[in-house]
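Open the model in your viewer and keep the selection tool ready. We will go stop by stop.

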Amino acid sequence: MIDPTRHRQLEELDQVGLCVKILTMSRNELYFNMRYLDLSLSSLDFEADWSRGGAATDGFTIYYQPDFLISLCRQGRILVNRMYLHTVFHCLFCHMDTRKGRDTPMWNLACDIAIESIIDALYQPCIRIPPSMFRRETYLRFQNLGLSVLNAEGIYQKLTKLALNSRQLQRLIKEFHVDDHDLWEQELPKSQLIRRQTLWKENREKLQTTMETTGLEDSSKDSSVLLEQVQVENRNRYDYREFLKKFAVLKEEIQVDPDSFDPVFYTYGLELYGNMPLIEPLETKEVRRIEDFVIVIDTSMSCSGQLIRRFLEETYSVLSSTESYFRQVTIHIIQCDEQIREDTIIRSQDEMKTYMEHFTIVGQGGTDFRPAFEYVSNLQGEGAFSHLRGLIYFTDGKGIYPISKPAYDTVFVFVEDHYFDYSVPGWAMKIILSQEDLEEKQHEY
């Protein structure tokens, strides 16, 4: 007589073996049709979890309920492929690492809508299911609200402002739900968290490089939608404060450096010799501070005055920190549309504070970026700067760019959903700030 427990264990092993084959075949089929996703598709392991009702991922493994997966496969292999790709895209776009501080159910819904919009735009037979009328209307609604790219952050912001009732929310959740997100809530050790973030950051950057540099055989509308999402995601992952500090230079200042001073030898010398320490603190310290800098503000009619002010407030909060300034500082704040409208020179924190208190926009004409670069080059020729490290240009991107690279680093700063960066030259850096970040970091003066 066969032991019932043993019999059940054998059945479960058979189910797990079958599920591994299903997921492996799904991964292979996706890879065969979308080879630019090779690293991402192979970055997740498989593990059965009999306690859950569907599938989920923690960024390292796809956890599945065997009965659920087998049932899904019986309904059609396309559903398995979409589920697999859905979980991979959650990892690729860092949805589990950008959830903090957000309403969890609303964030989960925004992530699912964003991912399904990408998959519905991919015209591969292995994942193609014509989107329902409700889905098409949902995508169009967000586009009409100003989202040129349906990413999770943008959808989340719009969802929180739509004031949907519970019935409307439940309909959206039912339509776009594919996998569970409960594993996103678990707290990982810092080493694991860094490993996960590094893994998917590298996958995402490799994906963008592959899609931009190789002529994809299946590219058309297909890959362009995914590429646009990846580009937005890669650009949005900058910390503006840390980015701005890269323009600082390393110099010595006269001040005690506690990091290089050992108080043990100091006190031991006093005890041994009376008033003669063995080692004294250094009188200078190496610090990184911003010495010469240029901020150009696009004051054309297409730029919002409110966004310009918020950008200046955020920039000021970084520059006014004690670790950012030299005692001798020269910061030019230039307002420019199709010509130079104003150049204000800031040499101290007090001058910056006064400027922020009385800031007004000058110009509001057309947009041409070239006059600002010509003006700064002339200032350099006149010796106005001792060490110009960089220029930040806050704009919506609608304008004429210079052809040649200047002698200093340049970054164009955009606000998401308010920019056009298609013509930005290759020698310039780009960074995209979210309206949410700017709204959260307003300062009082």
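Helices here are DSSP runs of H or I with at least four residues, strands are runs of E with at least two, and both are numbered from the N terminus. This is a predicted model: local features need pLDDT of at least 70, side-chain atom pairs count only at pLDDT 80 or more, and totals for chains, interfaces and linings use all residues. Residues are numbered from 1 along each chain as its sequence is written, and side-chain values use heavy atoms, without hydrogens and water.

Stay on the pair. H4 covers residues 77-92 and H5 covers residues 104-121. They pack at about 120 degrees, with axes 10 Å apart. Axes are lines fitted to C-alpha atoms, for helices over the stretch in contact, and angles run from 0 to 180 degrees between N-to-C directions.

Now show side chains. On H4, pick Arg-82, Leu-85, His-86, Phe-89 and His-90. They meet residues of H5, including Cys-111, Ile-115 and Ile-119 (contact means heavy atoms within 4.5 Å).

Next, select the sheet. It is open, has 3 strands in the order S1-S3-S2, and its pairing is mixed (two strands pair if DSSP finds at least two bridges between them). The edge strands are S1 (45-48) and S2 (55-57), each pairing on one side only.

Zoom in on S1 and S3 (residues 61-64): 4 bridges join them, and they run parallel. Click Phe-46; its bridge partner in S3 is Ile-62.

Last stop: bring H4 back. H4 lies across S1, S2 and S3, at about 25 degrees to S2.
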